[in-house]
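This report covers a few local features of one protein model. The sequence and structure come first.

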Amino acid sequence: MQYFKCFSKQDITSFTRVRKFETKIGERLQVVSDPNNIEQSLAQSKARFVIVGIPEDIGVKANYGVGGTDTAWPSFLASFLNIQSNDFLEGSNILLLGQFNFNEIASLIESNAHDYEEKVNAYRHAVNQVDEAVEPLIKLITQHNKIPIVIGGGHNNAYPIIKGAAKGLYKAGQIPLASLNCINLDAHADFRPLEGRHSGNAFSYAEEDGYLQKYCVIGIHENYLTQNIWMDVVNSPFIDFITYEDIFIHEKKDFLQSIAHATTFTDDNYTGIEIDLDCIEYTLSSAATPSGVEPIHARQFVSYTAGDSKTAYLHICEGASKLSDGRSSETIGKLISYLVSDF
C-alpha cells in the first residue's frame, strides 16, 4: 500500500521502555502477522481497535496554516506505548497497524514552488494524494468490523476517513448506504467552500460527495463561524452546531448535556468521533486558543460519545509537539494518549 508502513514488534519495542515488575501497553499490543497481506492479517486478528498514524501537515499548509501537525504522532507513540497494561486497559485488544509517510510529497513542493500562492495550490493538489492513500486503508479496517483510531495530521484527513469508513461498513453489511454521521469537538466548523482540498473543508467535501449524513459540532467558537456557513446550518436539518458561548458563557446547556444532544442527533447511524485539539485551551496547534475547553472536557467527550454511539472511528488531529514557527509542547503526546485510552 503506497505511502504506508506496517509496524513490527521491533518498531514498537524501540518506543517502549521495559521496566522490571511492570507491563507496558507496548508489550501487549498486536501487530499484523503479514505486512505484505494487511487484509488477511486484519481478518485473522481478534483486536477490536486498530491504531493508524497520519503524521502530515500538508492539509494545514494548504489552508494557510502553520506547519507542524506531523510531529504529534511520534510524541503520542512515546507516551501511549509506555502507559501501564492493567485491568483498566490491558492492551491485547488493540492492533498498532503503522503509519503513513508523505514527506517526499512535501519536500517536492517546498523545493519547487516559486512563491507562496503556488505552494498553497500545490499543497491543495497534494491533499488529494493523501486522500487517495488514506481512504482504502480505513475501508479495509472497517469492512472487517474493527474500529480505526487515527492520529493526525491535519483535519483534512476527516474526509478520507469518513469516506473509507462509510464504504467499509457498507461492504460489511452494517449500513444500507455508504454514509455516516459525525460528532466533532472543535472550535471551527471545517465546513469551508469546495475551493480545493485542505484542513478547513473536510466535512463540506464529505457532505457534498454523500458520505456525511448528519454532522454536529460541539464547542464551535462564534468568533470563527462565518456567516455563510452559519446560514447553511440554519437551513439544513442534517447539520447542528452547539457553540462554545452557549455552553460556557450563556450556559444554555452544560457540556454533558451538549454531548447528549449530539449523540441523540446522530443516533440513527454509525458515527465518527472527531477531536480537533485546537479547541483545547493552550494546546499546541496551528490555531491554538487561549479560550477553549479544558482537557477534562475532551476526555469526557471521548468517553461519553464512544459509550453512547454506534462508533465508526476515532480521529484526533491538529496537535503538534513542535510547530514550524518554533513553538513546542512537551505534553501533546501524553494528552492524546489519555484520549485514546479513554476511548
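The model is predicted, so local features need pLDDT of at least 70 and side-chain atom pairs count only at pLDDT 80 or more, while totals for chains, interfaces and linings use all residues. Residues are numbered from 1 along each chain as its sequence is written, and side-chain values use heavy atoms, with hydrogens and water left out.

| Residue | Relative accessible area | Class |
|---|---|---|
| Val234 | 49% | partly exposed |
| Cys6 | 14% | buried |
| Ser45 | 12% | buried |
| Cys317 | 1% | buried |

Val234 lies in helix 9, residues 227–234 (helices are DSSP runs of H or I, at least four residues; strands are E, at least two; both are numbered from the N terminus). Together with Trp230 and Met231, Val234 forms a nonpolar surface patch of about 260 Å² accessible area.

The whole structure has zero disulfides (cysteine sulfur pairs within 2.5 Å). For Cys317, the closest cysteine sulfur belongs to Cys279 and is 9.3 Å away, too far for a bond.

Ser45 sits in the loop between helix 2 (38–44) and strand 2 (49–54). Its side chain makes a polar contact with the side chain of Gln30 at 2.8 Å, and the side chain of Ser45 also reaches the backbone nitrogen of Ala47 at 3.1 Å. A polar contact is a pair of N or O atoms within 3.5 Å; within protein, one must be able to donate a hydrogen and the other to accept it, and residues adjacent in sequence count only if both atoms are side-chain atoms.

Terms used: Patch = residues over 30% accessible without salt bridge, like charges linked within 9 Å, V, L, I, M, F, W, Y side chains within 5 Å. Areas by Shrake-Rupley, 256 points an atom, 1.4 Å probe, with all protein chains shown as cover. Salt bridge = Lys/Arg side-chain N within 4 Å of Asp/Glu carboxyl O. Buried < 20%, exposed > 50% of the residue type's maximum accessible area, 1.4 Å probe, protein only.
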